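Have the chain open while you read.

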Amino acid sequence: MTTSPPVLILGAGLMGRLLAVTLARAGHRVHLVDAADGPSQAGGAARIAAAMLAPLAESAVTEPNVVAMGRYGLPRWRALCEGLDQPVFFQQNGTLILWHRQDAREAVRFEALLRATTERLPELPAPQPLDAAALATVEPAVAGRFAQALYLPEEGQLDNRQLLDALLATLRSCGVTVQWSTPMTLAQAQDWQRDHPGAWVLDCRGLGAKADWPSAPAPTAGPLRGVRGEVARVYAPDVTLQRPTRLLHPRYPIYIAPKPNHLFVIGATEIESDDLSPASVRSTLELLSAAYAVHPGFAEGRVLELGAQCRPTLPDNLPAVVEAAPRVLQINGLYRHGYLISPAVHDAVIEYLHGGTVSLAQRLGLRFVPARQTAACCEP
């Protein structure tokens, strides 16, 4: 009888946990290690994120392959969440786009970008223009404050922290224990691999893999960098938004993602920096002022947390999976689209690990470089 080979996963963030659950359930002996001291310090950008699943909304600022991966991920997220040991808030009520009268020109530009996307990808539902009366029906909480809006059907979101906790609980039930406070380089992981013939190594460390990534070949499009994001988590019992809402602005378009129990994740900042210091006063004022402009009920809300994190990003802002050596996969560069595209990246990795093929990656435009291509790129 054949047995599934062991797998060492570096990094217990979103991608590391997703892959660990799938592989453990498939019969692999999974070793999951992370440099953080415990779950509350782990996850990096995955703990800070709003976890919106909005492929059409994101199409205004990203590439068609990311949009395709995001569209693929929506039904997969429902299935992934339903299979976990703890409930995870998952919603598919669409996205609402708002703007003030003075930003109407920005709204025209934004809608044109979305319609161009739906022409290229007709499987995406077209944006629906709303006048004031229709907006009051779709989202009563903002009735009377905006004259126009766009509604993007079928887009979704989930509760990122519930998901991360549910993944850990499911791993425990599978007999997988995360080894915290265990930093490991790719070279150390390969030493472990040599002691476990046939084993796989999956590097899911995000920016923690920065020192190892430049050694990868040219198709990865260069070294990793951090792109800083700042987010406020606010409890606002007087606000009842029913879906993620985005406010267009030429300088700082914001999003408001409503989670259960009147918790709102508010963010938008995107700063080219590896700085992990606390959120700035400027960003905090801009985020909260814009939220108040959407709904005055935020004025009496309570700021529970101001967070800042850096997303792991490649020079072209696109993800990559690189087999740096046989059975050693580096998975990185998910940028601001981690939750949006994780199911697609996860499924592509599982397909390659179990079948040696990359058909899903090719279909969705995910850059996936097997070892045979890696070796060819490095030949003189």
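This is a predicted model: local features need pLDDT of at least 70, side-chain atom pairs count only at pLDDT 80 or more; totals for chains, interfaces and linings use all residues.

Start with the open sheet, which is built from seven strands in the order 9-2-1-10-18-17-19, with mixed pairing. In general, strands of a sheet pair through backbone hydrogen bonds, either parallel or antiparallel.

Which strands stand at the edges? Those are strand 9 (178-179) and strand 19 (367-369). Each has a single partner strand, so one side of each goes without a neighbour in the sheet.

## Strand 17 and its two partners

Strand 17 covers residues 320-325, and five of its six residues are buried, so the rest of the structure largely encloses it.

With strand 18 (328-332), strand 17 pairs in the antiparallel sense, over five bridges. The two form a hairpin with two residues between them. Have a look at Arg327 in that turn: its phi is positive, at about 65 degrees.

With strand 19, strand 17 runs parallel, and three bridges join the two. Ala320 is handy for seeing both pairings: it stands opposite Asn332 in strand 18 and opposite Arg367 in strand 19.

## A helix across the sheet

Helix 8 (residues 186-194) lies across strand 1 (7-10), strand 2 (30-33), strand 10 (200-203), strand 17 and strand 18. How is helix 8 angled to strand 10? Helix 8 runs at about 160 degrees to strand 10.

## Helix 1 against helix 7

Now for a helix pair. Helix 1 (residues 14-25) packs with helix 7 (residues 160-173) at an angle of about 30 degrees, and their axes are 10 Å apart. That angle makes helix 1 roughly parallel to helix 7. The crossing of these two helices is left-handed.

Which residues meet? Helix 1 brings Leu14, Arg17, Leu18, Ala20, Val21 and Arg25, while helix 7 brings Leu163, Leu164, Asp165, Leu167, Leu168, Thr170 and Leu171. Sorted by class, the contact has nine nonpolar residues, one polar and three charged.

Key
Residues are numbered from 1 along each chain as its sequence is written. Side-chain values use heavy atoms; hydrogens and water are left out. Axes are lines fitted to C-alpha atoms, for helices over the stretch in contact, and angles run from 0 to 180 degrees between N-to-C directions. Helices (H or I, at least four residues) and strands (E, at least two) are DSSP runs, numbered from the N terminus. Angles under 35 degrees count as roughly parallel, over 145 as roughly antiparallel, 65 to 115 as roughly perpendicular and the rest as oblique. A crossing is left-handed if the near helix is turned anticlockwise from the far one by less than a right angle, and right-handed if clockwise. Contact means heavy atoms within 4.5 Å. Ala, Val, Leu, Ile, Met, Phe, Trp, Tyr, Cys and Pro count as nonpolar, Asp, Glu, Lys and Arg as charged, and the others, Gly among them, as polar. Two strands pair if DSSP finds at least two bridges between them. Buried means under 20% relative accessible area, exposed over 50%, partly exposed in between (1.4 Å probe, protein chains only).
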